[in-house]
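Please keep the structure open and find each element as it is named.

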Amino acid sequence: AEVEILHNEQRLRSLVELLQYTGSSVQAFLDFALEKSLELTQSKLGCICFYQEDSKQLTPKTCKKRAEDGQSFESFQCPAMDAMNVWKEAIRQRMPIIINQLNELQTFPNIFCELQEENCRFMSVPVFNTGHIVAVVGVAHKQINYTDTDVLQLTLLMDAVWKMTEKKYAEEERERLQSQLLQAQKMEAIGRLAGGIAHDFNNMLGVILGHAELALSQSDIPTTFRENFEEIEKAARRSAALTRQLLAFARKQPISLKVLDLNDLVESMLKMLRRLIGEDLNLAWIPGPNLWKIKADPSQIDQILANLCVNARDAITGIGQVTIETDNVTFDATYCANHAGVMPGQYVLLAVSDNGCGMDQKTLACIFEPFFTTKSVGHGTGLGLPTVYGIVKQHQGIINVYSEPGKGTTIKIYFPRLAEEIEGEKRSNTAAVAQPSAATVLLVEDEAAILNLGKIMLEKLGYTVLVANTPHKALELVNASSNSIHLLITDVVMPEMNGQDLANQIKAKKPGLKCLFMSGYTANVIANHGILEQGVYFIQKPFSMKELGLCIQEILQLTNLV
């Protein structure tokens, strides 16, 4: 009775500590909750896995073990799913599993190596929510046998943890949506302000230009006055051009929509664009094959290209390259769920890239705000990219910017495919991605949101996924993993080392490993930077789950894994 009282007191203290936890992320909270579970059950190591009943997907979220001092905790690599039979058994029986004798492990021959010790006691408890199993928590290596009291205490604690986890997930989602809403409201407010100023300013400019022209029309005006009025007229016309840009940003500039082939439009501008960027820069034009039609104002597409090429030119010091590309792109529901403002459908991509100085995150956050510029006084109005933004939004399009200091910039614009073309096209979309075998994929990406999305996509495609947010962590996973890794998917541009260098180091340890590189920059720009060799497997961000699946299928078919 005294032992049970002590257990209850310890669980209540753990709950109080969890309720008072001030960590900012769900992951940090789960790490802390697992540490409290290990303390409560007097265990040396443990793991929390989330479970989806509909897809039968088991995903490790945190694994912890006691450090050598016996008081603190450290993370260790989550076990592979095919070695987690005890977890699966707890799910199958929908009840806790206790193992207190070494010979009992024979029932579960594939238990991961951390349990293969003399002190092999183990306990696995399923977590329920509205009758469905939502998670499984396992603890191991207690000095004495696990009992029903341990099961009860861990079950009660994890029930509370799950409720708090759901609450934290809801808070994170609310904060994310609030941030997106504030950004949208800010851009809308700036657009309204810019539009109002532009219209009023146009009225005043009309008066200035009108009087200047009237004065210049007089034949007896003194030469000095004529020169003064000519300067007034020039300044007024330049100001009128600025107001047109403000109106474009505010999406209040009248547009004349026409059915366009974007390849034809770009090709008709190439001569002018080459003159615009100068002889020191090479302009590369890479048209996409069988490009879909769009409905757009050709004069505003011209304006987009001119603004982007001028910005690219100004970002390059000395000799460099500007690349213009087009392609057909399809966004699926998975991608759109993680990218606000993007609707599923088919789009035509227009990408302009440069190998210039690039931008940091602080600059990227401001590039669409009117009058923001990194150029010196007299060399930029700060309306180029805001104008492009306004035109894209007026055409119901999407604009994304990828840039890092010293790595250049890629601006991708997506115009919706012509609706009439979609309706009139007779096609079959019955082709499906072949079911994969039990292939293991190592995903390396330094952007947390993309890493999480990629992991979800790969798991939904049926692959076993190992993830790393830095190249060094990826190398540690490779060294620690006793299982085969069939495919490396890595970002190209990362801290510490680039994707090609990482692939070379891993291939030295695992010859024959297939690699798929990904980047927000286009394949041609990456190749021109000398980071990737021509002909390697490459997928361009953003990509749909279907595109990723087909790409992996093509790669793994060469090794007879699909």
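1. Strand β11 (residues 345-354) and strand β13 run antiparallel and are joined by 8 bridges. A place to begin looking is K412 in β13, which is the bridge partner of A351. Please bear in mind throughout that this is a predicted model.

2. Strand β13 also has strand β12 (residues 398-403) as a partner, and these two run antiparallel with 6 bridges between them. The strands β12 and β13 form a hairpin with 5 residues between them, and in its turn G406 has a positive phi of about 80°.

3. How many of the 8 residues of β13 are buried? Strand β13, which spans residues 409-416, has 7 buried residues and is described as mostly covered.

4. The strands β5 and β6 form a hairpin with 2 residues between the strands, in which T130 takes a positive phi near 50°. Why can β6 be called largely enclosed by the rest of the structure? The reason is that 8 of the 9 residues of this strand (residues 132-140) are buried, where buried means under 20% relative accessible area.

5. Two packed helices are described by the angle between their axes and the distance between the axes. For helix α7 (residues 298-315) and helix α10 (residues 384-394), the angle is about 150° and the axes lie 9 Å apart, while the crossing of α7 and α10 is left-handed.

6. In the contact between these helices, α7 contributes Q300, Q303, I304, N307, L308 and N311, which meet G384, L385, T387, V388, I391, V392 and Q394 of α10. Sorted by class, the residues of this contact of α7 with α10 are 6 nonpolar and 7 polar, with no charged residues.

7. Another helix pair is formed by α12 (residues 448-460) and α16 (residues 545-557), whose axes come within 10 Å and cross at roughly 65°. The crossing in which α12 passes α16 is right-handed. The contact is made by M457, L458 and K460 on the α12 side, and by M545, L548 and I552 on the α16 side. By class, this contact of α12 with α16 has 5 nonpolar residues, no polar ones and 1 charged residue.

8. Finally, please look at helix α13 (residues 471-480), in which P471, A474, L475, L477 and V478 are buried. These residues lie on the same side of α13 because they cover an arc of only 160° around the axis. What do the buried residues of α13 pack against? Their partners are β14 (440-444), β15 (464-468) and α14 (499-509).

Notes: Residues are numbered from 1 along each chain as its sequence is written. This is a predicted model: local features need pLDDT of at least 70, side-chain atom pairs count only at pLDDT 80 or more; totals for chains, interfaces and linings use all residues. Side-chain values use heavy atoms; hydrogens and water are left out. Buried means under 20% relative accessible area, exposed over 50%, partly exposed in between (1.4 Å probe, protein chains only). Helices (H or I, at least four residues) and strands (E, at least two) are DSSP runs, numbered from the N terminus. Two strands pair if DSSP finds at least two bridges between them. Axes are lines fitted to C-alpha atoms, for helices over the stretch in contact, and angles run from 0 to 180 degrees between N-to-C directions. A crossing is left-handed if the near helix is turned anticlockwise from the far one by less than a right angle, and right-handed if clockwise. Contact means heavy atoms within 4.5 Å. Ala, Val, Leu, Ile, Met, Phe, Trp, Tyr, Cys and Pro count as nonpolar, Asp, Glu, Lys and Arg as charged, and the others, Gly among them, as polar. The arc is that of the directions from the helix axis to the C-beta atoms.
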